[in-house]
Amino acid sequence: MDTTSSRYVKMTALEGTFSPIQNMVSFSIPSGMKLDLSECSVLIDLQVNTTTTNTGPSAPLASGVQYGSEPAGGSIYREAILPVDGGTANVVLPNVYYVKNADIRCERVGAIETLRAVNTLRLGLDLYENDLETKLGNQYLGGGNSDGIGSQNASCFRDINRTGQILSRNRSGQIRIPLKHIFDVAHTPVWDTTKYGRTDIKLEMAFDRLQARQAMGATDATWTNAVFNYDALDAAAPAALPADVLSLKTTRTYDHPEEESPFYVGQRLTLNFTLTNNGGAPQAFTKERTITGIIYNEGNDNKIQISFDDPIKMVANDVMTALTCVGVDAATETIIYNKVELEMLQVEAQTPSSIEYTTYTTEEDSGFGNAATNLNRQYTCEPDADTLVVCALGVPAGNPVNNPMNPTIRINSSRITIDSKDETTEPVVAVVPNGVGQANPLYFDRIDRAFMNMGDDLECLVEKQYLQNRNLGTNPAGDASVVINPLPLKAQNKQVQLNLDYTAGEVNILNLYKRMTKTI
């Protein structure tokens with residue numbers, strides 16, 4: 001395909017305002033355009049605004065809390081945006097998670113794909129379609145902390161300065177959802193709206209699942225690590241040490257502070273320490289300060305010197321001991337929706353005579369009962385359905401906003417019968433009865449058969465999703481799985497009997513996705 005005249009254009013969503021309640025996103029692509037749909041993406045432009053609890057001037061020296069004044073521009077908190085699903089925190093999921101239902105149609109053909117609960121389907125298939133490295137690499141598309149280097153993560157919503165005196169910056173960032181992660185037809189490299197007419201895309205988003213998450217806050221595990229100690233300050237020699245202390249120096253040395261240091265300009269910290277004056281009784285102090293400057297003593301002692309907005313007041317003969325430091329939690333975190341756009345790649349290439357693609361119909365089943373451990377039901381599948389994907393969803397955790405959409409519930413064993421014919425001679429076991437060990441070989445065989453039947457690449461059999469923490473590269477820890485089975489093509493509907501065993505009370509909803517091939 002000739003791409004010498006290719007160019008990107010952006011189209012703003014027809015709706016002008018978005019919120020957790022206003023969650024419809026629509027685009028209308030006019031006639032007369034040629035697009036590479038595989039390079040088109042939905043861009044959600046967001047920012048995370050924060051406030052600080054303690055913003056007054058520093059109080060006189062006294063036991064208890066003493067806090068410094070807020071710097072111009074405010075303290076900077078490390079913020080990311082991650083999904084909240086079923087009460088599970090810190091799981092990094094593909095951005096298609098935020099698309100609940102999707103519809104694409106055009107003027108001359110009509111409906112092309114109408115997908116319900118498409119996020120559950122795509123998350124289930126993503127387990128097998130992408131290896132762990134690809135899953136980790138795709139995090140740059142989203143709102144999660146994504147650098148994963150040196151155990152200190154940044155995000156697209158913050159510009160972090162780890163040295164110097166320039167204040168770190170809050171900024172807007174984009175969550176990118178490739179169109180091909182939503183629609184199978186979007187894998188086509190040439191979509192000609194002159195041939196197909198105006199093309200309309202409508203998405204029902206899960207904006208209520210966007211949640212701001214702060215890293216390096218008060219309870220972050222980084223601060224409990226023993227390597228984060230600080231040189232003691234001793235005011236016994238006033239000529240060598242001023243009474244008002246504006247800086248601290250780390251005990252730890254750094255070879256690569258841009259990767260290893262947890263500190264940045266604009267960061268608000270809580271300092272806890274003890275002051276003892278001339279053999280008197282020690283007093284405990286807690287002080288909040290904002291970092292205004294960071295110096296890396298490279299080639300000298302390779303330590304980091306941190307300067308604050310207000311001094312720590314000391315007098316002659318004071319000795320500071322037991323100094324610890326933790327982050328400060330933002331008082332409030334607010335997600336601002338700036339705009340939603342469709343980024344499109346225009347191309348000049350020959351229009352194909354036809355386009356073959358796959359799509360899914362969805363059937364949802366529920367009402368299994370909290371005490372149930374088995375489901376034995378019959379479902380109808382279309383004659384041209386070639387693959388069945390079954391996703392089990394968990395029980396809601398309180399507020400309906402937490403209703404799970406990520407298929408994290410494992411079916412312990414399954415047996416599938418199609419038109420009264422057993423697919424296997426024995427149950428397909430995913431987890432041994434005592435919950436320890438690996439699935440039997442037949443389990444992986446069914447997955448392999450299904451992907452061969454779909455003509456799709458099977459890249460991974462590790463049924464894990466990444467957790468958002470300081471060591472992303474070594475922590476794929478979120479369990480998820482689906483039941484997947486090939487279906488024969490027939491002239492009439494197929495009756496599929498599912499016999500599924502699972503842990504009591506775990507399954508709330510069962511989504512059945514039936515895959516079929518279409519041509520336009």
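The largest pocket is lined by 44 residues, and Asp126, Glu129, Asn130, Lys180 and His181 lie nearest its centre. The model is predicted: local features need pLDDT of at least 70, side-chain atom pairs count only at pLDDT 80 or more, and totals for chains, interfaces and linings use all residues. Residues are numbered from 1 along each chain as its sequence is written, and side-chain values use heavy atoms, with hydrogens and water left out.

Two or more lining residues of this pocket come from each of β6 (78-83), α1 (118-129), β12 (173-178), β22 (356-366) and β28 (464-467). Helices (H or I, at least four residues) and strands (E, at least two) are DSSP runs, numbered from the N terminus. The volume of the largest pocket is about 980 Å³. On a 1 Å grid over the protein atoms alone, a pocket is an open set of points with protein on both sides within 12 Å along at least five of seven lines; a cavity is a set where a 1.4 Å probe fits but cannot get out; lining residues have an atom within 4 Å of a point. Points are joined across faces, edges and corners, and a volume is the space filled by probe spheres set on them. By class, the largest pocket's lining has 20 nonpolar, 13 polar and eleven charged residues. Here Ala, Val, Leu, Ile, Met, Phe, Trp, Tyr, Cys and Pro count as nonpolar, Asp, Glu, Lys and Arg as charged, and the others, Gly among them, as polar.

The second largest pocket has a volume of about 320 Å³. It is lined by 18 residues, with Lys100, Ala117, Glu364, Pro404 and Met405 closest to its centre. β8 (99-106), α1 and β32 (509-519) each give two or more residues to this lining. Its classes are six nonpolar, seven polar and five charged.

Now turn to the sheets. Two strands pair if DSSP finds at least two bridges between them. Five bridges join β8 and β9 in the antiparallel sense. Arg105 has Ala111 in β9 as its bridge partner. Contact means heavy atoms within 4.5 Å. Axes are lines fitted to C-alpha atoms, for helices over the stretch in contact, and angles run from 0 to 180 degrees between N-to-C directions.

A further open sheet of four strands runs β22-β32-β24-β30, again with antiparallel pairing. Its edge strands are β22 and β30, each pairing on one side only. The twist averages 20° from one strand to the next. β22 and β32 run antiparallel, joined by eleven bridges. Thr358 stands opposite Thr517 in β32. α1 packs on this sheet too, touching β22, β24, β30 and β32, with its direction at about 100° to that of β24. Helix α5 lies across β22, β24, β30 and β32, at about 55° to β30.

How do the two helices meet? The axes of α1 and α5 (residues 441-454) come within 12 Å and cross at roughly 100°. The two are therefore roughly perpendicular to each other (65 to 115 degrees). Leu125, Tyr128 and Glu129 of α1 make the contact with Tyr443, Ile447 and Phe451 of α5. These contact residues divide into five nonpolar, no polar and one charged.

The whole structure holds two of 30 Å³ or more. The largest cavity has a volume of about 200 Å³. Of its 21 lining residues, Ser414, Val428, Tyr443, Val483 and Ile484 are closest to its centre. At least two lining residues come from each of β24 (385-393), β25 (413-418), α5 and β30 (483-486). The lining of the largest cavity divides into 13 nonpolar, four polar and four charged residues. The second largest cavity holds about 30 Å³ of space. Among its lining residues are Ile76, Tyr77, Arg78 and Val328. Its lining has six nonpolar, two polar and two charged residues.

Note on methods:
Angles under 35 degrees count as roughly parallel, over 145 as roughly antiparallel, 65 to 115 as roughly perpendicular and the rest as oblique.
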